[in-house]
Every structure is written in structure tokens, then in C-alpha cells.
Amino acid sequence: MAVYLFWFLVFPGLLFMAAAGGLLSWFDRKITARVQFRKGPPLLQPFYDFFKLLLVKETILPAQGSRFVFLLAPLLAVFGAAMAGLFILLPLFNIETGFRGDIIVIFYLLTLPSFSYIIGSLASGNPLAAVGASREMKLIISYELTFLLVVAAVIMKSGQKFDLESIIAAQQAGTPFIGSISGVLLFIAALFCIQAKLGLVPFDMPEAEAELASGIYIEYSGPPYAMIRLAKYIMLFILPAFIVALLMNGMTDGTGILWLILKILAIVLLVTLIRNTNPRLKIRQASSFFLIWMNLLVVIAIVLTAFGL
Amino acid sequence: MGFKEFCFRKSLWVFHFGGASCNNCDIEIIDCLTPRHDLERFGILLVGSIRHADVLLVNGSINRRDKDRLLELYNQAPKPLLVVAIGACGCTGGIFAEGNTFAGPVDKIIPVDAYIPGCPPKPEAIIAGIVKLAGKKG
Ligand code: SF4
């Protein structure tokens, strides 16, 4: 029992994921700054932001709307992210094997943060938050099918294995899945999916700074907003880790941990570069991008997989 | 200086309120965030919602209509909140002080923590003001 709690709360759970995610968030901001020829924030900046929001700032509750749901939503987001991270990282670090079908559980837990943002923003009763929530819903409907197809393709490639442990083992026995044509296509689709899941440009229309003034997060202040930031830090760490587990070989023995870090950094670097070189899409464009083009890409990958490419 | 205050000073998020300004001050404020001056190295970010703000930047002359909006913003912001008046207009009223619609200056409406004079102040002056503010007791 105690060991489960330790896993959930310390390593590889909440504390470790928050620290790693915070550092990745700094990496993201620093790269953004370098792309724009700026100097960028200091190393511990994400932690300053988090502790300022948590310890210093006041919480303002909406006058109308459901306060209980408003406050519950950020906690739910952190819980979903941490739980999903736990199921991803335990097999990835070879600590525990996971169970049959855990990949489906991970898939659903990864949607929990987005859903709780929607619930929380609708509970605040702010019209701009409602517009943001409706955009987030449309975005989820668009990218979720693509993400599911990517997972399905990976399951197919691994020979009908439904748990992360055997998927990683199948790659380590043979070649990493990204080493084939279909694997590259799947990687591209998965990259855009996590871009949308993280809510980064070009898929940041739910929080659109310019026209919605932070959209779904507009009413959050103080500790609840700190929880939302925490969920975002954790997602920034576990989503690349999930791709590494699905397509890029996981962690091998020996110098594997170094390679693992490099792979995660490379994925975050790609995500950051995409977000710095693209403008925000309209929600209709994002829908057709995922529903038509990305789905087509993944279906091609699945067909190629069937032919063993 | 305790841990809380240290974090607060290291991460000031700025919300920009432009009153009836001539738009010069606004441009100089945006200039602070550009590559040349880069306020993000002090952890300063421009945020879109007053609920996330730690600093309220006010510039331009405050006329009778702006006054209600400014008060509303100040009341809606989570405390602790620092208020900075930028430009001659924000500090004293500047060339609009005698105007018919003038309802300011800012410190007659809400408490102000720092004044940055100039018409418009240079970005360097704004940065110097904000860095001093970050060093002040919050
Ligand atoms: S202080 Fe000068 S530059 Fe700034 S808004 Fe007033 S008139 Fe314009």
C-alpha cells in the first residue's frame, strides 16, 4: 500500500512529474525566447510562477455559477494528468509492468484535463470562458479520433498487444516503430495531436489571448490557477513520454536514461518550434486539418502496417 | 525577504490598461517586451486576463468613462496587486490635465505604487521603474 502511495505522490508520480514538467516548461520558454532573439527567463521561472500563484495570490470565486465545480475542476485536471503519467511512467522506467489494456485507460485519463477545463470554465459563468469551452470541445472532437487511430496503429504494429509494457518490449526486441515509413507518418500525426492536447499555437484557440483574453482560464486566479499550471507542466512531460513509449523504443538498459531524456527533449523542441513558426488557426481549419488530413495520414500508415512497411 | 515575497517579485505578470492616451505610451510599453529589451528575463509576462495579473500598468489620461472601468478592474484583480502609472498623463494628467473630461490622475482613483514619468517614458525608464518595483516591499 505504502509503495503505491510513494509511486503516486513522489516517484515517478506527482512530485517528480511536476519537477520534470516545470523544467521542460522552462526549456520551452527559453527556446521560444532564443527563436525570437531574446534572452529568456531564468531556470526556475516556472516554479516561481507556480509558488507565487499558490502562496501569494488571492482566490476570487465567481459570483454566479457553481463554486464547488469551479474549484473542483483544477484538482480533477491535476489528478487526471498525474494518474495518466503514473500509468505511462511505471512501464517506461521498468518499475512495474502495468496491466493488460492499460493503454486504453491512459488514453481516457489523458482527456481528463481538457474535460475538467471545460467543466470549470462553464461553471464560472463567464461568456468568454463559455466561448473558450465550446472551442475546446470542438478541438477535442477533432483530435481525439486521430489520437485513437494512432494508438490503434501502434497496437497493430506490436502484434495486438494492449499494454504499454509489451509494446515497449516488442520494440526493444525488434526495431523502434519510428524506424519504418508507417512509423514516421504515425509520429507526425501524434506530434500534432499532443500539440493540440497541450493547447499550444497553432491550436490554442480555446485560450486565445488576443480575442478571448485567456478564454477557458479567464476566471481562474490564485491557487486554482496554480493547479491548472501544474496540470499543464505535467502534461508537457507525460505526453512526449507517451510518444517515446509508443513509437521510440522506450528506455533501454545501460545508457538508456540519457537517450530517454534526449528523446523527450527532442519532441518538446519540435513542439516548441511548431508553436513559434505558426499562427493560430480558426477552429474550422483545425477540425478539417485533423478530421481529413491527419486521419488520412494515419489510415495510410495503418494500411502500410498491414503490408509490413 | 521570505520565500513567498521572493517568488512574487520574481514573477510579476502585467496587465495593461490604456486610458485615453495618445497611444505613444502603449507603444513604448509593448516595446519593453520586444527582443531588444525583453522583460521576460525578469519573469515579467503580459497576461490577457486581470484575474492573472500582479501588476496593473495604467497609462494615458483617465477621463470620466475610463474612471469606472479602472475602478472595476482594480476591484476585480486578485490582491496583492501593484499599480504603476506610466507617462506624464498617468502621473499627473500631463497636457490633458486641464481638459473638460479629465477625471484623473490615476492616484486620485486607485492607490499607485510607482510612477514612471516621461512623455512618453523611454523603454529603459519603464524597465528601471519595474525593476525597482520588484525590489520594493510588495
Ligand atoms: S504621457 Fe505623453 S506619450 Fe504618454 S499618453 Fe500621455 S501624452 Fe501620450
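This is a predicted model: local features need pLDDT of at least 70, side-chain atom pairs count only at pLDDT 80 or more; totals for chains, interfaces and linings use all residues.
**Cores**

I began with the nonpolar packing. The largest nonpolar core has 118 residues. Those with the most contacts inside it are A:Leu110, A:Ile238, A:Phe242, A:Leu247, B:Leu56 and B:Leu70. I then looked up which element gives the largest share, and it is helix H10 of chain A (residues 222–247), with 20 residues. Another core, of 20 residues, lies apart from it; B:Ile29, B:Ile44, B:Ile116 and B:Ile127 are among its members.

The list reads A:Val154, A:Gln171, A:Pro176, A:Phe177, A:Ile178, A:Gly183, A:Leu186 and A:Phe187.

**Ligand shell**

Next I checked what surrounds the ligand. I got B:Ser21, B:Cys22, B:Asn24, B:Cys25, B:Gly87, B:Ala88, B:Cys89, B:Gly118, B:Cys119 and B:Pro120. By type, I count six nonpolar, four polar and no charged residues in the shell. Helices H2 (24–32) and H4 (87–91) of chain B each supply at least two of the shell residues. The largest share, three residues, is from H4(B).

**A:Ser182**

Buried or exposed, I wondered about A:Ser182? It is buried, because its relative accessible area is 0%, under the 20% cut-off. A:Ser182 sits in helix H8 of chain A (residues 181–198). Leaving out residues up to four places away in sequence, A:Ser182 touches A:Lys157, A:Ala301, A:Leu304, A:Thr305 and A:Leu309.

**Salt bridges**

My search of the whole structure gave 11 salt bridges over all chains. I went through some of them.

A:Arg275 pairs with A:Asp28, with the closest N and O atoms 3.0 Å apart. A:Arg275 is in helix H11 (residues 256–276) and A:Asp28 in helix H2 (residues 14–35), both of chain A, so this pair ties together parts 247 residues apart in sequence. A:Asp28 counts as buried, at 9% relative accessibility.

B:Asp54 and A:Lys57 meet in a salt bridge at 3.0 Å, N to O. I placed B:Asp54 in the loop between strands E2 (45–46) and E3 (55–59) of chain B, and A:Lys57 in the loop between helices H3 (45–56) and H4 (67–92) of chain A, so the pair joins two chains. Both B:Asp54 and A:Lys57 are buried.

For A:Glu144 and A:Lys197, the closest N and O atoms are 3.6 Å apart. A:Glu144 lies in helix H6 (residues 127–157) of chain A and A:Lys197 in helix H8 of chain A, 53 residues apart. I noted A:Glu144 and A:Lys197 both as buried.

Last, I found a network of salt bridges linking A:Arg29, A:Arg38, A:Asp49, B:Asp38 and B:Glu40.

How values were computed:
Residues are numbered from 1 along each chain as its sequence is written. Chains are lettered from A and ligands numbered from 1 in the order in which they are written. Side-chain values use heavy atoms; hydrogens and water are left out. A nonpolar core is a set of buried Ala, Val, Leu, Ile, Met, Phe, Trp, Tyr and Cys residues joined through side-chain atoms within 4.5 Å. Buried means under 20% relative accessible area, exposed over 50%, partly exposed in between (1.4 Å probe, protein chains only). Helices (H or I, at least four residues) and strands (E, at least two) are DSSP runs, numbered from the N terminus. Contact means heavy atoms within 4.5 Å. A residue is near a molecule or strand if one of its heavy atoms lies within 4 Å of it. Ala, Val, Leu, Ile, Met, Phe, Trp, Tyr, Cys and Pro count as nonpolar, Asp, Glu, Lys and Arg as charged, and the others, Gly among them, as polar. A salt bridge is a side-chain nitrogen of Lys or Arg within 4 Å of a carboxyl oxygen of Asp or Glu.
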